[in-house]
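Open the model in your viewer and keep the selection tool at hand. This tour goes stop by stop.

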Amino acid sequence: MPTGNTMKTLGLLALAGLTPYQEKAGEEYMNDKQMEHFRLLLKAWRDQLRQEVDRTVHHMQDEAANFPDPVDRAAQEEEFSIELRTRDRERKLIKKIEKTLKRIEEDDFGFCDTCGIEIGVRRLEARPTADLCIDCKTLAEIKEKQLQG
């Protein structure tokens, strides 16, 4: 199985060819420059995920073989199953990226959905699809654990 994961290990900023956004004193939060920074970041991430999905399709078509040994066949099916689950997670992530890009276009990006405060540039660079501030996310995780527990 080819390993094209070198891009994944570089991080989103390097993948997009960007450096961390340097905020200037008195700069308005989520101004046009910041929005463009995150738009480029999300588009590069989405494009990289789409390439992975395409690569998987081609890999599975190229590697599809009819092994006479059941053990070899089972190993190949397991490998394909793992790849398909990974790609399914990536497809869901692409949908979330698309939703976030739409929020940028609607000028509704960078603020917590629950309390409305600024999420923060550094948090958004680490997790560009975040829609909750760190406090609300922590509370949501605590509530989730209590409901499961």
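How much helix and how much strand does the chain have over residues 108-140? Select that stretch: the chain there is 39% helix and 0% strand. Its end C-alpha atoms are 21 Å apart. Helices (H or I, at least four residues) and strands (E, at least two) are DSSP runs, numbered from the N terminus. An unreviewed UniProt entry places the feature "domain: Zinc finger DksA/TraR C4-type" at residues 108-140. UniProt positions follow the numbering used here, feature names are shortened, and annotations may be inferred rather than shown by experiment.

Two notes before moving on. This is a predicted model: local features need pLDDT of at least 70, side-chain atom pairs count only at pLDDT 80 or more, and totals for chains, interfaces and linings use all residues. Residues are numbered from 1 along each chain as its sequence is written, and side-chain values use heavy atoms, with hydrogens and water left out.

**Stop: Asp-108.** Its side chain meets that of Arg-103 in a salt bridge (3.6 Å, N to O). A salt bridge is a side-chain nitrogen of Lys or Arg within 4 Å of a carboxyl oxygen of Asp or Glu. Asp-108 is partly exposed at 38% relative accessible area, while Arg-103 is buried at 12%. Buried means under 20% relative accessible area, exposed over 50%, partly exposed in between (1.4 Å probe, protein chains only).

**Stop: Asp-107.** Find this residue in the loop between helix H4 (70-105) and helix H5 (121-126). Most residues other than glycine have a negative phi. Asp-107 counts as exposed, at 61% relative accessibility.

**Stop: Met-30.** Here phi is near 55°, again positive in a residue other than glycine. Met-30 lies in the loop between helix H2 (12-15) and H3. Is Met-30 buried or exposed? Buried, with a relative accessible area of 8%.

**Stop: Glu-52.** Select it in helix H3 (residues 32-63). Glu-52 is buried, at 6% relative accessible area. Its side chain makes a polar contact with the side chain of Arg-87 (3.4 Å). A polar contact is a pair of N or O atoms within 3.5 Å; within protein, one must be able to donate a hydrogen and the other to accept it, and residues adjacent in sequence count only if both atoms are side-chain atoms.

**Stop: Arg-87.** Its side chain also meets that of Glu-90 in a salt bridge (2.8 Å, N to O). Both Glu-90 and Arg-87 are buried.
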